Amino acid sequence: MSTILFHEIVFGPIHSRRLGSSLGMNLLPYDGKLCSFDCIYCECGYNENFRTKTKLPARENVKAALEDKLLQLQKENTSIDVITFAGNGEPTLHPQFAEIIDDTIELRDRYYPNAKISVLSNAMHAGKKAVFDALKKVDNNILKLDSANPDTVRLIDRPNAPSYTIDKQIELFKRFEGNFIMQTMFVRGSHKGKTVDNTTEDEVSAWLEVVKETNPKEVMIYTIDRETPEKNLEKVPLEDLKRIGERVEKSGIKVNIAG
Ligand code: SF4
């Protein structure tokens, strides 16, 4: 199976469908994956196939790597739209995530004051005070919710904590008081003999209720783009994504669609 693992702390800039020219930050191991979800569509592959004993990069090394890269890009006159925390797993699992965000804000302000800082997160750890406070500081606090149906989330995203509930996630989202972007992957197919489809009317209407209740400043709707560990998945056609997006827009919330 071909997967994408990032082998550096700072990578790119790469073109992101949703964010533009993006300098990537990987706070996770560079020879494996670390995530509290194990999504069947994850471009990094399944957790069990990419275990690592490598330590996470220390805050000082992350800061030095980012500063080096920003200096190099400045010399080359390369512009960047965004510095994005994503990489090989869930960035908020790094124990120094909050301090690293502070360092990144400092360096961004010094070298690329117009660049935004984005964090792509599965939102599972947003209840930790340090993580919550750090996410509130970034420009694009992008939190995943692929379904309002717990069974669908367990089928598609496979959170590793039995205590994960949608109700708890909704309460967490609300605590950001609109200062977050909801990201939702729409996908169809099957997994271990079960149908996967979070685009049915029941799914979309329940998800839409959560969107309205939590009131994000934007919703990012997307579908699979690269090879996925579960082979029986297919892209959702752009027209279907647009139809879902129109329903979000009707409730007055901005939508970004990447088909
Ligand atoms: S949350 Fe992201 S990194 Fe984690 S398994 Fe899902 S797609 Fe992969």
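Analyst: We can start with Gly24, which lies in strand β2; please keep in mind throughout that this is a predicted model.

User: What makes Gly24 buried or exposed?

Analyst: Gly24 has 21 other C-beta atoms within 10 Å. A residue is called buried if 20 or more other C-beta atoms lie within 10 Å of its own, and Gly24 is therefore buried.

User: How far is Gly24 from Leu155, in sequence and in space?

Analyst: The two residues are 131 residues apart in sequence, and their C-alpha atoms are 28 Å apart in space.

User: Why are β1 and β2 called paired strands, and in which sense do they pair?

Analyst: Two strands pair if DSSP finds at least two bridges between them. β1 and β2, the latter covering residues 20-25, are joined over 5 bridges, and the sense is antiparallel. Within this pair, Ile14 stands opposite Ser22 of β2.

User: What makes the sheet open, and which strands stand at its edges?

Analyst: The open sheet consists of 8 strands in the order β1-β2-β3-β4-β5-β6-β9-β11, with mixed pairing. At the edges stand β1 (10-16) and β11 (254-258), and each has a single partner strand, so one side of each is left without a neighbour in the sheet. From one strand to the next, the twist averages 25°.

User: Which strands does helix α7 lie across?

Analyst: Helix α7, residues 238-250, lies across β6 (181-186), β9 (218-223) and β11, and its direction is at about 170° to that of β11.

User: How do you know that α5 and α6 meet, and which residues are involved?

Analyst: The contact criterion is C-beta atoms within 7 Å, and on that basis Ile170, Phe173 and Lys174 in α5 meet Val210, Glu213 and Thr214 in α6. These contact residues divide into 3 nonpolar, 1 polar and 2 charged. The axes of α5 (residues 166-175) and α6 (residues 201-214) come within 9 Å and cross at roughly 35°.

User: Which residues have the most contacts inside the largest nonpolar core?

Analyst: That core has 68 residues, and Leu27, Leu143 and Val187 are those with the most contacts inside it. The element that gives the most to this core is β6, with 4 residues. Leaving aside residues up to four places away in sequence, Leu143 touches several others, among them Phe173, Phe180 and Met182.

User: Which residues are around the ligand, and how do they divide by class?

Analyst: The residues around the ligand are Cys35, Phe37, Asp38, Cys39, Cys42, Cys44, Gly89, Glu90 and Asn122. By class, this shell has 5 nonpolar, 2 polar and 2 charged residues; Cys counts as nonpolar and Gly as polar.

Note on methods
Residues are numbered from 1 along each chain as its sequence is written. This is a predicted model: local features need pLDDT of at least 70, side-chain atom pairs count only at pLDDT 80 or more; totals for chains, interfaces and linings use all residues. A residue is near a molecule or strand if its C-beta atom, placed from the backbone, lies within 6 Å of it. Helices (H or I, at least four residues) and strands (E, at least two) are DSSP runs, numbered from the N terminus. Axes are lines fitted to C-alpha atoms, for helices over the stretch in contact, and angles run from 0 to 180 degrees between N-to-C directions. Two residues are in contact if their C-beta atoms, placed from the backbone, lie within 7 Å. A residue is buried if 20 or more other C-beta atoms lie within 10 Å of its own, exposed if 12 or fewer, and partly exposed in between; C-beta atoms are placed from the backbone. A nonpolar core is a set of buried Ala, Val, Leu, Ile, Met, Phe, Trp, Tyr and Cys residues joined through C-beta atoms within 7 Å.
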